[in-house]
Each structure stands twice: as C-alpha cells, then as structure tokens.
Amino acid sequence: MPLNMNREVFITCAVTGSGSTQDRSPHVPRSPREIADSAIVAARAGAAVVHCHVRDPETGAPSRKPELYREVTERIRASETDVVLNLTAGMGGDLVFGTPEEPLPLRAGTDMIGASARLAHVADCLPEICTLDCGTMNFAEADYVMTNTPGMLRAMGRMITELGVRPEIEAFDTGHLWLARKLVEEGVLESPALVQLCMGIPWGAPDDLNTFMAMVNNVPPDWHWSAFSIGRNEMPFVAASVLAGGNVRVGLEDNLWLSRGELASNEALVARAVTIVEALGARVIGPQEVRERLSLTKRAPR
C-alpha cells in the first residue's frame, strides 16, 4: 500500500469533553471562561479548530445548558485569536440500564432528549462545525449505551444542514462510516463530508493500525477526515493520521498526560502535535485555510 501522507494538516483541539476527568487534572477547564481561555491559548499554539463541550462551573460535571455554550461562543468570538468553532451535539442520547437481571427501569444518568433539543445550542451559537455521532455503541461503562438511532441521525443531520453548519461525523467503528455514507447518498448530509475517526474508545474500534487502516479505507476518497486516539496513543496517532492522509486531533478530552508523571495542558498538547506534524515534513494550516478547504462560514451567534 503506497504512502498517502497529508502535507497540509489542520489540528483540532478537543478542549474539555464530557468524561469524568475534571478531578483528575487541574488543567481540565470547567467554567465557560476557563473553556474559552483554554481554547484560545490552544489556537495560539497552532490549533485551527477547537472542539468544545461545556461543564457545570461548580462541579465540573458534563452539561448541555445552552447558556453555557453561548458564553463560551461569545468569549471565543470576541477574542483577537481566530479559530474555527466546533461544538458537540453528542449530549442527550444517554441510556443507563439497571442490572442484567433488572435492566428496567432505566437508572440515574439516563438523558434522552429530542433532536431539536440536542441542537438548541447549535441553532443559537451558529458554530462553523458541530459533531454528529454516527451510531449507537456500548461506551466503556457496564450499563451505559450511547444512543444515536438512524432516525435520530437523519433528523439531526437535516437540521444541521439547514442551519448552514458543517456536521463532523464522529465514527467509532466501520458501521458508523457505512451509515454516514448512506446519509450522504440520501441527501441528508452534503458531500464531501467531514469525518472524525475516533480510535481506542471502549467498545468501538481499537486503535491498532490494522483497524485504523480499515477505518481510513472506508472513508470515501473525496471526503475530509481527521483521527485521534485516547490516552498514551494520542501522539502516535498524530503521526499515523498524517501518514495515512488525514488531519489530527489532540486535547484534554482525549488524554491528560504530556509524558509519564507530567500532566498536560491543551496548549502543550497542541504544541507537541505541531512539532510532530512539522517533523514529518507537513505544514500546519490555520483557521482561514480550513474554512476555505471545508467551505465553512464564520458567523456571530444569533
């Protein structure tokens, strides 16, 4: 198989995520101000795109309150640092079952809402990009299922397209790419699509290179794509993604460590990714070049 290296790479920084990392590192931002400030510093370090969740400012627990997204958006847009804004739309599809003998009723942590509610903050903030988790999967914990039915994805996909926002298809396994191609064929999503290959997340696609290349080979050749892995394989996948022809993602959503015993910041993770990309002989591109490549429109919130 020939080398198909990407020579012009954009970096996405996943700033905070929704996992239970808020008490494992003091660098995980919680408040809208902290999230926006961390995103801005990451952009200055070389991230063209920032992918943002929001958290309860007091507890650090994941949140989907539109007013928190609005504050993050306004702070980033008001900054003198330009960056492409990518907001998650993954919240609101959580099922937590009971025990194997008594799976019902559903347990605390279940959060199931409709398509319009899942996209309320996107309609309000009008980011260039928002995520679309393109499938249902068992997600690490024993009884938690991330739920994204084909019907829900068709509804959300149409709404995102009508808003003029670019969906970033988050694919955790090859079947998710199969469904994504179907949504493009149906006209729900526009082509060429934008894909994020999410590797190493239990219990999706493992992050061995054979599986990774199976994922890459299931992305249509005219689509745009990026990839990441979590934990200690975050930086190796920066190199792997560039060499396979893609773009890269790093950030505290995916990994808390810069090296053994050294906690990372978003800025430090982006800076290291820049070093790796440039050492491979590729160029890191900025937000305006990303907008041109992906046909994105930068807009103010409503």
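**Close-up views of a predicted model**

**View 1. The side chain of S63 reaches the backbone of K65.** In this predicted model, a polar atom of the S63 side chain sits 3.2 Å from the backbone nitrogen of K65. S63 itself belongs to strand β5, which covers residues 62–63. Buried or exposed: which is S63? With a relative accessibility of 9%, S63 falls under the 20% cut-off, so S63 counts as buried. Leaving out residues up to four places away in sequence, S63 touches V54, R55 and D56, along with L68, Y69 and M91.

**View 2. Helices α1 and α2 pack against each other.** On the α1 side you'll find P32, R33, I35, A36, A39 and I40, which meet L68, E71, V72, R75 and I76 of α2. Sort the residues of this contact by type and you get 8 nonpolar, 3 charged and no polar ones.

**View 3. The largest nonpolar core has 40 residues.** The members touching the most other members are I11, V50, C52, I76, V250 and V270. Elements giving two or more residues to this core include strands β2 (11–14), β3 (49–52), β6 (84–87) and β15 (247–250), as well as helices α1 (32–45), α2 (66–78), α8 (234–243) and α9 (266–279). Nonpolar side chains in soluble globular proteins tend to be buried together.

**View 4. V270 and its contacts.** Skipping neighbours within four places in sequence, V270 is in contact with I11, C13, A42, A45, G46, A47 and V250. A second, separate core holds 38 residues, among them M156, I160, V216 and F237.

Terms used
Residues numbered from 1 in each chain as written. Predicted model: local features only at pLDDT ≥ 70, side-chain atom pairs only at ≥ 80, totals over all residues. Heavy atoms only, no water. Helix = DSSP H or I, 4+ residues; strand = E, 2+ residues; numbered from the N terminus. Buried < 20%, exposed > 50% of the residue type's maximum accessible area, 1.4 Å probe, protein only. Polar contact = N/O pair within 3.5 Å; in protein donor to acceptor, adjacent residues only side chain to side chain. Contact = heavy atoms within 4.5 Å. Core = buried A, V, L, I, M, F, W, Y, C linked by side-chain atoms within 4.5 Å. Nonpolar A, V, L, I, M, F, W, Y, C, P; charged D, E, K, R; others polar.
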